[in-house]
Amino acid sequence: MGFYFGGARAGSSSATRTQFVLTHLKHISHRQHLSRAAHTGTMQLEGSNSWHVPAVLLALVGLLVPSSSFQHHRYEDMVRALFTVQNECPYITRIYSIGRSVEGRHLYVLEISDNPGIHEALEPEFKYVGNMHGNEVLGRELLIKLSQFLCEEYRARNPRIVRLIHDTRIHILPSMNPDGYEVAARQGPEFNGYLVGRGNAREIDLNRNFPDLNAYMYYYEKTNGPNHHLPLPDNWEHQVEPETLAVIKWMQNYNFVLSANLHGGAVVANYPFDKSKDPRIRGRTTYAATPDDKLFKELARTYSYAHSWMHHGWNCGDFFTEGITNGASWYSLSKGMQDFNYLHTNCFEITLELSCDKFPPASALRKEWLANREALVSYLEQVHHGIKGMVYDENNNPISNAEISVVGINHDVTSGVDGDYFRLLLSGTHTVTASAYGYLPFTSTITVGPAEAIQLDFYLKTAPKPNPKVKPHNNKRNLSSPKLPSKLGPR
Ligand SMILES: [Zn+2]
């Protein structure tokens, strides 16, 4: 059981809440909790039955956070805010740029980890991306706030945050579309039109700008082709915007495991696929499930239930059961970023719609932060579920690019350059196979619980060289083939 910062799980009436606060305040150890809480607006408690208490306390303590610390950040202010975090937490942060926007603004990422700049084997990589649509600004502000919060809480030795930062490599890109933001911000919250500043400086919608891999996927499904890391079309670099190019290269350079893309204009956690199988039929909405559908639903629920009101379902005049939706069943969208993550990389991404108002006034930011804080941290913690491990050869050399397949889920993940892999899975018993070119595949059965990821390492034996004297035959049941297909799914 972790420590909760707030959000839905408190789930009690305000009268009951007050009662809880009054009762439990007496039981809190006063070591440094209260003074710190007043300072940072955060607090944590220990004890198995008190998980709902900090949530309630935080709702009150949150009132002590001055509203003045919540404001919109223009580009220069955002960069300054990120570098301030880096200055305050130099040992656990790093700032790097993944490229530049059309107008030349750097796309800065703040990395937070115990060894910034270094991938440690078995430590998963996580990313948050905000402000892809320049006029949807809440995600940008929440991610700046999250960066400050993680730094402050680390310094205050909050055990939950210390653990998270020690065990995870967190990458935060508060603005994927800084040019669009400036266009929207020049108009300000009151006058912001629905589409002003949505696209980049060339008015291209970046969430319709990724290579379309869904069509390949349906083709490969029929032909038993690859179910992961689908190849990009020739010349793709010249077919996407600079911001999209930068993000794709970023995805290729880091072995991200889990991610979320923060938007606005609705309140719902949206999971892939975004593109329905036959989007040409106008007005038709069809659920487009990934092979990891159950897992994606659970990821989306993690956010919606930890958010103060997303899980209620009724928001902004729309209703979504439990505050989650499959992208295509809402409306089909082509060339989006979350489908691309799933089809081209090891990363599982969902899209979070966080506010009815795309450009809320600064006065609303404090309330939004308190509504999202627990959800942002809880979602991040999901990167530690399922299984992970190393893939080695007989001499303990790591094997990169090995395929990890799970029976019943037609979507493999691959090991990274250090030979480590991460496979998010729901609780249950799973049959897992590691295979790599030139090696004999190896299968293990493992039971995954709801807690931390289970470590499952593989040691693959070199496949025997085929005997040149034996004539190869076309029998598909030749099991001695070193390229034994690892697909053990239903198909
Ligand atoms: Zn959007």
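Guide: The open sheet has four strands in the order β13-β12-β15-β16, with antiparallel pairing; two strands pair if DSSP finds at least two bridges between them, and strands are DSSP runs (E, at least two residues) numbered from the N terminus. This is a predicted model, where local features need pLDDT of at least 70, side-chain atom pairs count only at pLDDT 80 or more, and totals for chains, interfaces and linings use all residues. Residues are numbered from 1 along each chain as its sequence is written, and side-chain values use heavy atoms, with hydrogens and water left out.

Visitor: Which strands stand at the edges?

Guide: Those are β13 (409-414) and β16 (442-448), each with a single partner strand, so one side of each has no neighbour in the sheet.

Visitor: How many bridges join β15 to β16?

Guide: Seven bridges join β15 (residues 428-435) to the antiparallel β16, and Thr-431 stands opposite Thr-445 in β16.

Visitor: On to the metal: what coordinates the zinc ion?

Guide: His-133 (ND1), Glu-136 (OE), Glu-136 (OE) and His-263 (ND1) coordinate the zinc ion at 2.0 to 2.6 Å, where donors are N, O and S atoms within 2.8 Å of the metal (3.2 Å for Na, K and Ca), and sites may look incomplete because water is not among the atoms. His-133 lies in the loop between β3 (125-130) and α5 (138-155), and His-263 in strand β5 (residues 256-263), so the pair ties together parts 130 residues apart in sequence.

Visitor: Is His-133 buried or exposed?

Guide: His-133 is buried, with a relative accessible area of 3%, and His-263 is buried too, at 4%; buried means under 20% relative accessible area, with a 1.4 Å probe and protein chains only.

Technical notes:
Buried means under 20% relative accessible area, exposed over 50%, partly exposed in between (1.4 Å probe, protein chains only).
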